[in-house]
Amino acid sequence: DTMYRYCRARLLRSACGMNARQRSRVVLAGVSLLGLVGGILTWRFSGTVEHDLRPPSLHLLPTRAQLSPRGAKEQLDQRLSEYCHESLLQFVEASASEEAKLSSAQESLELVQVHVLARHGDRSPAHSFDMGPKQNFTCGLEGKSWAGLKRLAVKPLPPSSMINLADFPVFPGSSSKRCGVGMLTEVGFRQLYSLGAIIRKTYHDFLSAVHPDQIFVHSTSYQRTVQSAAAFLHGYSREDEAGIPIHISEGDILSAPPVGVKASLPCKKLGAFYRKLHTGVPDVERWQKVVDSIQSTFGLSLAVETGEAAIRLADHVMARLCHRLTLPCSHGAECLDESSALELIAGADVAWQHRYTHEYSVVAMRPFLQHSLEVMDAAVHSKHTYKLLLSFAHDSTLTMVLDALGVKSSGWMPYVSRVVVELWKSRKYYDHTHFVRVLFNGRDITGQIANQVQSAEYPRLIEYSRWRSMLLADTSLALYHECVNMTSL
């Protein structure tokens with residue numbers, strides 16, 4: 001007690017001897033210390049924290065001037081981890097996926113149809129630039145593990161189309177084969193093989209009763225998507241499920257209908273419609289400097305707007321980094337550093353967000369969505385139809401499908417991204433209501449679908465009647481006619 005009174009007296013005398021500014025500094029220091037201690041205790045003893053599973057908004061990354069070299073490397077590694085999608089090869093997504101899972105509601109519902117739209121796997125750069133010493137990408141299948149791959153049939157869609165099937169080998173080739181522009185690599189083949197196995201495992205109960213002739217496989221007319229479809233089928237199929245053909249639709253928007261489905265014709269003036277609606281990338285001056293600097297360093301001259309230039313350059317850089325190749329260096333030994341690479345990729349993410357308007361996406365993806373709806377209608381009315389539809393396309397296709405549904409992408413689609421649409425039916429004998437659920441990369445995004453009221457009984461689902469009305473909306477039809485009736489190309 002004596003010591004306590006002595007110390008208290010000393011403290012009071014010290015405080016009384018201070019002027020007002022000194023006393024305020026002591027108080028502020030004490031408050032800061034208490035805040036720090038409180039923060040540590042909160043972190044140490046807090047319960048489980050729910051994390052937002054959405055990818056970070058990378059266009060909000062700090063500018064180069066705000067980044068330390070260490071910070072740039074860490075953020076670049078994080079972005080590449082998302083984009084390159086290497087986690088797919090470790091099958092970590094199978095347990096984390098929400099696909100085919102509806103918790104307590106599942107007992108009163110029956111899954112009747114599944115639509116999967118997937119981006120192709122890892123590929124060589126889609127744009128060829130001279131950015132220093134050439135880095136070769138190997139597109140052949142290495143090792144004996146691929147020796148037993150079965151032959152798969154490819155068919156044109158529609159059958160009357162002029163597609164030359166000889167241009168679409170279903171396997172990337174021998175181990176010595178070097179990649180051309182935008183070709184599927186062995187890593188990409190393994191990614192789709194893994195996705196096929198994951199979908200098989202995730203929907204095991206549903207798929208166990210699905211016959212091969214109830215599966216429809218659809219690809220755009222690119223080698224990388226056809227080979228992605230083949231890889232998926234090899235990861236998915238059992239020994240007794242040989243003979244599922246891959247149908248190739250001309251172009252990159254899957255506009256041809258599945259066999260037996262009424263065609264919804266695409267607008268032939270999509271290019272002009274795009275130019276009419278495209279407004280460019282906001283705050284483009286933020287990325288202009290790094291894009292101009294890279295073009296100057298490597299002697300490039302891209303005759304496109306800054307946003308598109310950022311996408312093309314970032315594609316070249318990210319394809320290299322996904323293979324753990326070095327950042328490009330010019331012939332004068334001036335290299336792209338990590339801060340500049342990160343800033344370039346952030347600019348490309350923003351450009352992807354604004355590449356397509358909602359109105360354009362609605363018109364461009366109208367045939368694909370209408371054909372999917374026709375197949376769903378058949379299932380709802382208990383007609384013989386497909387139970388599993390598999391479509392293989394591109395980052396642009398997935399971006400536009402989501403955009404047409406009112407879900408804006410937060411950046412560039414990772415390799416092997418997938419959009420899954422599930423059709424469920426009530427098991428109740430007095431109720432034959434059908435419901436729809438939408439997932440992106442294994443995460444339920446149904447609640448983000450624009451202007452859709454989810455079911456009161458099943459809050460994670462949309463009633464099929466509402467889903468159908470959305471895809472057949474008058475506004476969608478009006479936009480389609482606006483595109484068709486444009487007077488100039």
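In the predicted model, the largest nonpolar core comprises 138 residues, and those with the most contacts inside it are Val217, Ile246, Leu390 and Trp467. The greatest contribution to this core comes from helix H10 (residues 306-322), which supplies 10 residues. Apart from this core lies another one of 7 residues, including Ala256, Val261, Val375 and Leu389. When residues up to four places away in sequence are not counted, Val217 touches Ala229, Leu233, Ile244, Pro245, Ile246, His247, Leu390 and Phe392.

Helix H9 (residues 285-298) packs with H10 at an angle of about 55°, and their axes are 10 Å apart. On H9, the contact is made by Trp287, Gln288, Val291, Ile294 and Gln295, and on H10 by Thr306, Ala309, Ala310 and Leu313. Of these contact residues, 6 are nonpolar and 3 are polar, with no charged residue.

In the second pair, the axes of helix H13 (residues 366-380) and helix H15 (residues 464-471) come within 11 Å and cross at roughly 150°. Because angles over 145 degrees count as roughly antiparallel, H13 is roughly antiparallel to H15. The crossing of H13 and H15 is also left-handed. Leu369, Gln370, Leu373, Met376, Asp377 and Val380 of H13 form the contact with Tyr464, Trp467, Arg468 and Leu471 of H15. The contact residues of H13 and H15 divide into 7 nonpolar, 1 polar and 2 charged. Trp467, on the H15 side of this contact, is also one of the residues with the most contacts inside the largest nonpolar core.

Note on methods
Residues are numbered from 1 along each chain as its sequence is written. This is a predicted model: local features need pLDDT of at least 70, side-chain atom pairs count only at pLDDT 80 or more; totals for chains, interfaces and linings use all residues. Side-chain values use heavy atoms; hydrogens and water are left out. A nonpolar core is a set of buried Ala, Val, Leu, Ile, Met, Phe, Trp, Tyr and Cys residues joined through side-chain atoms within 4.5 Å. Buried means under 20% relative accessible area, exposed over 50%, partly exposed in between (1.4 Å probe, protein chains only). Helices (H or I, at least four residues) and strands (E, at least two) are DSSP runs, numbered from the N terminus. Contact means heavy atoms within 4.5 Å. Axes are lines fitted to C-alpha atoms, for helices over the stretch in contact, and angles run from 0 to 180 degrees between N-to-C directions. Ala, Val, Leu, Ile, Met, Phe, Trp, Tyr, Cys and Pro count as nonpolar, Asp, Glu, Lys and Arg as charged, and the others, Gly among them, as polar. Angles under 35 degrees count as roughly parallel, over 145 as roughly antiparallel, 65 to 115 as roughly perpendicular and the rest as oblique. A crossing is left-handed if the near helix is turned anticlockwise from the far one by less than a right angle, and right-handed if clockwise.
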